[in-house]
Amino acid sequence: MRLDLLPRARRSRRLDLLAPALAFLAAVLIGGIAVAALGVPPGQAFLTYFVAPLSEVWSLQEVALKAAPLALIATGLAFCYRANLWNIGAEGQYVAGGLAGGWVAVAAHGSQGPTAWILPAMLLAGTCAGIAYAMIPALLRVRLGVSEILTSLMLVYVAQLLLDYMVRGPLRDPQGYNFPQSVSFDDAARLPLLMAGESLHAGVLIGLVGIGLAALVLTRTLFGFEVRTVGASPRAARFAGFSDARLTLAVFAISGGAAGLAGICEVAGRIGQLQPEISPGYGFTAIIVAFLGRLSPPGILLAALVIALTTIGGEGAQIDLKLPLDLTRAFQGLLLGLVLGADVLTRYHVRIVPGGAGAKGIP
Amino acid sequence: MGSIVTRLAGALLCAAVAAGPARAADKLKVGFVYVGPVADYGYSYQHDLSRKALAEALPGAVETTFLENVPEADSERAIEKLARSGAGLIFTTSFGFMEPTLKVAKKFPTVKFEHATGYKRAGNVSTYSARFYEGRYVCGKIAGKLSKSGTVGYIASFPIPEVVSGINAFMLGAQSVNPDIKLKIVWVNTWFDPGKEAEAAKALLAQGADILTQHTDSAAPLQEAEKAGKLAFGQSSDQYRFAPKAQLTSIVDDWNGYVIQEARAVLDGTWKSHDSWGGIKDGMVVLAPFTNMPDDVKALAEETKQGIVAGRIHPFEGPVLKQDGSVAVKAGERAPDPMILGMNWYVKGIDDRLTQ
């Protein structure tokens, strides 16, 4: 027996919208079985994971804070992935952005005189560093044909180790007992809080504006059309006179810039100093978010919120229900697998071929 | 009559309602934040043992909970979550949690915080750590005696003072019995990554090291040594069962006493912010049984341990020379605590460089 995937003649719009919802439902059901097997009532776990984080002002802010960098990075990545270019190194571009922007803050630490320039300079430095760092794999691909998947991924470790070196060496706090961290930034180098005494900072707004802009570019401009065309049909794009090289550089610049901006927003927002680790893996999680959101900005925003929600709900489950962290991670993986699987089923239908010999279709 | 009954019933009901939450509130919620998985069989595992010991020692009085695998960049939320879920005492067990701990502590002035291995305190934030370097000095003596190739491999995590002082103490111990001993150091830049640690162990063994020691948390290096028929030291917990033919001893972090003592203090209302740095004498650093070594080495190790407990021996007893030959501790003096807590230089004889 063999299973064949045959393209559907007509894609149903309703099914397209329904598929991720069904996938989510299936993930919740399977997760529920796992939870029950661990001896916790599934209903209670559902409340802790998905409802409790939305029922408090504090945890709502945390969901937003966690979702913002994920959504911003993933939106940038969507440009790359739509153009069939595989930037796996957003984590490195994020770190490069955080490091460059943080450097400005450390250099300006304790300076007398006007301070209004510091924060804009940090954001600019972070974005530019992200772009510059993404240019390395892009140029290597355009000029030498090197696989951008490998170079962008390997450059993640280079960026992490560079940050590590900088906070142990040149940028170390002289009063810090040699511990690897910079000075705490001055207030002028911190993103302002949106509400006094709360944790939500302006980085969330910056992220939202960035995603909005990206959505406009992708759907309303010639460049956005170009990105979509190249992804859908490279041959047609070439006939239309679109340049591969220019496009590669452009989408890498966008994704690198978005990741760099997310990096400096996190450093200037929540963390407030440079330290060896400034990302809980946002650059990698954003890849999941980009695909969960089907590479469209509104979908990405939703996916980022779901991932943020399960992460924060997962912490609640660890504390209140003694459910292990691994369960949260397994659930997030399960969700991605099911959404992608559901997507395949909206585009193809499955035919069971008895015996299997001599059958046509996609093997 | 009827009214008395109803009033009595009402009063009883009120008492019951009042007593319910009050009893729940009496129970002290103690939260733990770990940087690694509780199943690392090293640092986080050992901390989790103290959580279990606490639950056993004060049943009915405390309720414990933990968050594992918390990335340092993401820890502020995890700590705040514990504080919000009603914890009265929170142990944040990694250096990288320092600033986040202080930030959350400011928001929750009635919650007590205990931060491991940091140096910043506040009215409701204590710090605690252990003098691991004492154990490393004993290990150094054992290695100096037992190494046939004269080369010992050291798998190190991050060049923070705690790790650097450990390397120095180990080297000084080894040099005291074998002045020509060589130390090869590999920095793996992680606290817990069995794959990376095993690779480092293989590389060190290939370079001629016949004894391994580590400042990372998994048992992988020990297992590599066991496979190669070489010797090694365990880390953080007694890892004998992973390498019964290779483990010489292990520097065990025993937080049980401290954790229970601090929880008691909170319950009694006597808790105060302070810094605590205990060693072998205080039972915070424990050496696992000396195994896989001849009796004379065992005796030397035991004697060194007793000497440290009695205060006769100090790992950083002068003269201690830095790599460049300059004097760090004069003859007849001992390194003061602040020097050990901020150590960012190697002692003479170590062939490695620290980023300055």
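Biologist: At roughly what angle do the axes of helix α11 and helix α13 of chain A cross, and within what distance do they come?

Modeller: Keep in mind that this is a predicted model. In chain A, the axes of α11 (residues 282–292) and α13 (residues 325–347) cross at roughly 30 degrees and come within 10 Å. As for handedness, the crossing of α11(A) and α13(A) is left-handed. Now look at the side chains on either side. From α11(A) you have I288(A), F291(A) and L292(A), and they meet L336(A), V339(A) and L340(A) of α13(A). That contact is made up of six nonpolar residues, with no polar and no charged ones.

Now for the rest of chain A. An unreviewed UniProt entry marks "transmembrane region" at several stretches of chain A, among them 117–136, 244–264 and 284–312. Take residues 117–136 of chain A: the span is 95% helix and 0% strand, with its end C-alpha atoms 29 Å apart. Residues 244–264 of chain A are 100% helix and 0% strand, and there the end C-alpha atoms lie 30 Å apart.

Then there's the partner chain. The contact draws 24 residues from chain A and 29 residues from chain B. On the chain A side, the elements that give two or more residues are α3 (57–82), α6 (148–168), α10 (244–271) and α12 (297–320). The largest share of that side, five residues, comes from α12(A). By type, the chain A side divides into 10 nonpolar, seven polar and seven charged residues.

Key. Residues are numbered from 1 along each chain as its sequence is written. Chains are lettered from A and ligands numbered from 1 in the order in which they are written. This is a predicted model: local features need pLDDT of at least 70, side-chain atom pairs count only at pLDDT 80 or more; totals for chains, interfaces and linings use all residues. Two residues are in contact if their C-beta atoms, placed from the backbone, lie within 7 Å. Helices (H or I, at least four residues) and strands (E, at least two) are DSSP runs, numbered from the N terminus. Ala, Val, Leu, Ile, Met, Phe, Trp, Tyr, Cys and Pro count as nonpolar, Asp, Glu, Lys and Arg as charged, and the others, Gly among them, as polar. UniProt positions are given in the numbering used here, feature names are shortened, and annotations may be inferred rather than shown by experiment. Axes are lines fitted to C-alpha atoms, for helices over the stretch in contact, and angles run from 0 to 180 degrees between N-to-C directions. A crossing is left-handed if the near helix is turned anticlockwise from the far one by less than a right angle, and right-handed if clockwise.
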